[in-house]
Amino acid sequence: MYDRLLGLLHEITPVVQALPPDAALADVRGALRYFGRDAAGLAALVRVRALARYGADCTIGVGANPLLARLAVYDGGLPDGPQGRPPGAVRTAPEDLGAIPAAALPGVGPATARQLAPYGLDTVGRIAATPLGTLQRILGAAAGRRVHDQARGIDPAPVTPNAPARAMAGDRRFGRDELDPVRHRRALLSLTHELGARLRAEGQVARSLTLTVRYADRSTTTRTRVLPEPTGHTVALTDTAYRLYASLGLQRARVRGVSLRAEGLTAAGLAARQLTFDPGDDKARRIEAAADRARARFGPGAVRPATLPGTAA
């Protein structure tokens, strides 16, 4: 389905940048005159075609640059069905972004958000209204200017057709508020196997892993950890994901969904690997390679870890 939806965007413009697993950027400036519509009109056209051809509804943000388009569909974290932003929502103006949390900005991670919080800078609008010098005193010269520009909707990055993915993500949503930590870990195991298989299939490795947990009240917690070495090895991804989960110290938390994001992607051939004399690691990698061959031949569901639901124990 993702490839089909990308095809719809290519019918509008050749300048499409895929952002797997479920997003993309499209520069439609060259298509406005041809179709006789503005950008919002083209977004509506794509949505109608997606519904008519594939029965797939989608949310499309329209903005003057990639940053504004991303923020236009920001919903606070993981999608949450009918409680999230409704499909088709479009927001175009920078002044409409004032109430979005500061953490939505690409330059504001958890650590930066904690630095800004004591000064009351918890939304994009408040950051945008803060003088550059103040932000630089709080965050430093470079980080302060970057966050200052982003809060004002300034993003010089172009849409790059066929650009290699800089991150790869997946999420799992529970059918109800899930309290059982065993089910939380099973969801993480499923995600690391999925991400590992995708990384190896594309010849890439990740440098870090980010875990996002969304709770019943729609609040989220995000943690990032740098991997010991760039890798696409499922065992290493799973170990890091479990450590991230343990660091949250969740005690009977009502979890709505979890998301894992592999970041800092680079070509596997350019990454160094630490040699080991551990026979278990070598065996795990051979099993992993055999599983990848089985998936390539019989489909992604041909091999799954035995601890996932629906498989033998």
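This note sets out numbered points on a predicted model of a protein chain.

1. Confidence overall. The mean pLDDT of the protein chain is 82, and 84% of the residues reach 70 or more. Among the elements of the chain, helix H7 (residues 132–139) has the highest mean pLDDT, at 93, while helix H11 (residues 279–298) has the lowest, at 74.

2. Helix H1. In H1 (residues 2–12), the buried residues are Leu6, Leu8, Leu9 and Ile12. These residues lie on the same side of H1, because they cover an arc of only 150° around the axis. The elements against which the buried residues of H1 pack are strand S1 (16–19), strand S2 (23–26), helix H2 (32–35) and helix H3 (39–54).

3. Strand S4 and its burial. Which share of strand S4 (residues 204–215) is buried? The strand is mostly covered, with 11 of its 12 residues buried.

4. The S4–S5 hairpin. Strand S5 (residues 220–231) pairs with S4 in the antiparallel sense, over 8 bridges. Leu211 has Arg223 in S5 as its bridge partner. The two strands form a hairpin with 4 residues between them, and in the turn Arg218 has a positive phi of about 75°.

5. Other partners of S4. Strand S6 (residues 255–263) runs antiparallel to S4 and is joined to it by 8 bridges; Ser208 stands opposite Glu263 in S6. S4 also pairs with strand S7 (residues 266–267) in the antiparallel sense, over 2 bridges. Here the bridge partner of Val205 is Thr266 in S7.

6. Helices H9 and H10. How do the axes of H9 (residues 181–201) and H10 (residues 234–248) cross, and within what distance do they come? They come within 9 Å and cross at roughly 145°, and H9 passes H10 in a right-handed crossing.

Definitions and conventions. Residues are numbered from 1 along each chain as its sequence is written. This is a predicted model: local features need pLDDT of at least 70, side-chain atom pairs count only at pLDDT 80 or more; totals for chains, interfaces and linings use all residues. Side-chain values use heavy atoms; hydrogens and water are left out. Buried means under 20% relative accessible area, exposed over 50%, partly exposed in between (1.4 Å probe, protein chains only). The arc is that of the directions from the helix axis to the C-beta atoms. Contact means heavy atoms within 4.5 Å. Two strands pair if DSSP finds at least two bridges between them. pLDDT is the predictor's confidence in each residue, from 0 to 100. Axes are lines fitted to C-alpha atoms, for helices over the stretch in contact, and angles run from 0 to 180 degrees between N-to-C directions. A crossing is left-handed if the near helix is turned anticlockwise from the far one by less than a right angle, and right-handed if clockwise.
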